[in-house]
Amino acid sequence: MNKKFPDGFLWGGATAATQCEGAWNIDGKGESILDHCTNGDRMNPRRITNTIEENAFYPSHKGCDQYHHFEEDIELFAEMGFKTYRLSINWSRIYPNGDDEEPNQLGLDYYRRLFEKCKQCGIEPTVTMTHYDMPWNLAVKYGGWSNRKLIEFFVRYAKTIFTEYKGLVKNWLTFNEINFGTISYGEFATSGIIPKCGHVIMEDPNATQEEVNRRFQALHNEFVASAKVVQLAHEIDPEIKVGCMMCGFAYYPLTCKPEDVEATQRSMEIWNYYSMDVMCKGKYPYWAKRYWNEQGIELEITEEDLRDLKNGCVDFISFSYYRTDCSAANHVVKEGSTEFGMKNPELKATEWGWTIDPKGLRWLLNEYYSRYEMPLMIVENGIGAYEKLEDGKVHDVARIEYMRDHIVAIKEAINDGVDVFGYTCWSAIDIVSAGTGEFKKRYGLIYVDADDLGNGTYNRIKKDSFYWYKKVIETNGENLD
Ligand code: BGP
């Protein structure tokens, strides 16, 4: 049996507003948390500053300047044959302070022009409502998602964009990588520390009990907000489909010791299923009570919350997939660590230390599908690499190889019977790295002439992967050479 990618498979690429738009303070846009986030690199973490410091560089202020290049970018995506473009709306463009009564018309107009351009080019947008992003004011004034008030503001924002873009956008994603639990919580905004990896956020040995509670409450509030907007979306337009967006955490046991297998199961449960159960099944996992007790976590969960969670299950699952890691019983997360887990000694890694594991994608797709039996979309997958422009060309061989192997794995999963309906690579075009704030960690199929400090012409140049992906899409995943 050699099943093909289904007809109408959503091939495309992805970006996020604060990493690609730039234009951070024009046309009525408010400040977003990311606008306060400096650049960094592998060795030097990004900083969040309370004020915009004159001598610091804030990569979101320029992104890849898509705000001023969106027509050209979308035409290039159309040339590759994109069926979908996954992008995010910058919340602070629509509600500059987050708690405003009225939306910012110029912000609404921008995304309307962008979605209309997509339509003209035969591209269906897939839109993330918030991608590690929040109006700065909400973080400072309310303490971000740990405050239930945020639910109300998010619902208002959702109502505005669902109504405004009715007929233009059918696929929505609520919170980017909700299980990663980083900057989107907002609580870090005033602390000056850039959030670390998921482990540290949810199982931070150095966090006080109060902080742990706040993080889990923030996550709960996000779940409720998501459930409420799923219901709202269906009321506003029954055609709309809303998905959750997960960071695809994939863990293997480091050894076959039963303790390591147990630790692995726990990692999978905490990092994936804690969030996915709530969003896909409408309730916390059966083991949550014991977990909360053992961690001393006390949450405010109302009867209305439980009803909302039950009635607001998502229509599909979307997730990012970059790497796999290992779990072991004796693994202690060091303070300030940015590791997801332990490194798999069997796998090669990228220049940033991310393991490369295409087979893991087939495995994870099967894991998710066997548990939820919901349609799946891979909305991020790609490789960050140093790249050079030589004679007007970029020979990004590593990207082609990475994507090819992962697409083969998806095809295997489809042959297994998994319902996969789309794939958007990360990223459609070179943008700022979320983790390090570098521009030189390039993920795109299109090269952008810019450096880490925002110098350059911002001209767009097609990489070798551009031509390769065009062929892949043309043949609906049959020609991967
Ligand atoms: C995901 C995020 C993206 C993206 C990607 C690559 O976790 O959703 O925003 O940037 O990872 O990570 P990085 O940019 O840190 O290399």
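Predicted model: local features only at pLDDT ≥ 70, side-chain atom pairs only at ≥ 80, totals over all residues.
## Lys 283, out in a loop

Lys 283 sits in the loop that links α9 (258-281) to α10 (288-295). Is this lysine buried or exposed? Its relative accessible area comes out at 52%, and the cut-off for exposed is over 50%, so Lys 283 counts as exposed.

For a sense of distance, take Ile 356, which is 73 residues from Lys 283 along the chain. The C-alpha atoms of the two are 33 Å apart.

## Ser 327, tucked into a strand

Now for a residue at the other end of the scale. Ser 327 belongs to strand β8, residues 325-327. With a relative accessible area of 5%, Ser 327 falls under the 20% limit and is therefore buried.

Which residues does Ser 327 touch, leaving aside those within four places in sequence? There's a run made of Tyr 251, Tyr 252, Pro 253 and Leu 254, and then Asp 260, Ala 263, Thr 264 and Ser 267.

## How α6 packs on α8

Two packed helices are described by the angle between their axes and the distance between the axes. For helix α6 (residues 149-164) and helix α8 (residues 209-236), the axes come within 9 Å and cross at roughly 25°. Angles under 35 degrees count as roughly parallel, so that's the label for α6 and α8. As for handedness, α6 passes α8 in a right-handed crossing.

On the α6 side, the contact is built from Ile 151, Phe 154, Val 155, Ala 158, Lys 159, Phe 162 and Thr 163. The α8 side brings Asn 221, Val 224, Ala 225, Lys 228, Val 229, Leu 232, Ala 233 and Ile 236. Sort the residues of this contact by type and you get 11 nonpolar, two polar and two charged.

In soluble globular proteins, nonpolar side chains tend to be buried together. Here the largest nonpolar core has 139 residues, and Tyr 165, Trp 172 and Tyr 469 have the most contacts inside it. The top contributor to this core is α8, which supplies 13 residues. A separate core of six residues lies apart from it, with Leu 10, Met 245, Phe 316 and Met 377 among its members.

Not counting residues up to four places away in sequence, Trp 172 touches Ile 161, Phe 162 and Tyr 165, among others. Its other partners include Ile 89, Val 127, Met 129 and the run Ile 240, Lys 241, Val 242 and Gly 243. Phe 316, a member of the six-residue core, is also in contact with Trp 172.

Methods
Residues numbered from 1 in each chain as written. Heavy atoms only, no water. Axes fitted to C-alpha atoms, helices over the stretch in contact; angles between N-to-C directions. Helix = DSSP H or I, 4+ residues; strand = E, 2+ residues; numbered from the N terminus. Parallel < 35°, antiparallel > 145°, perpendicular 65-115°, else oblique. Left-handed = near helix turned anticlockwise from the far one by under 90°. Contact = heavy atoms within 4.5 Å. Nonpolar A, V, L, I, M, F, W, Y, C, P; charged D, E, K, R; others polar. Core = buried A, V, L, I, M, F, W, Y, C linked by side-chain atoms within 4.5 Å. Buried < 20%, exposed > 50% of the residue type's maximum accessible area, 1.4 Å probe, protein only.
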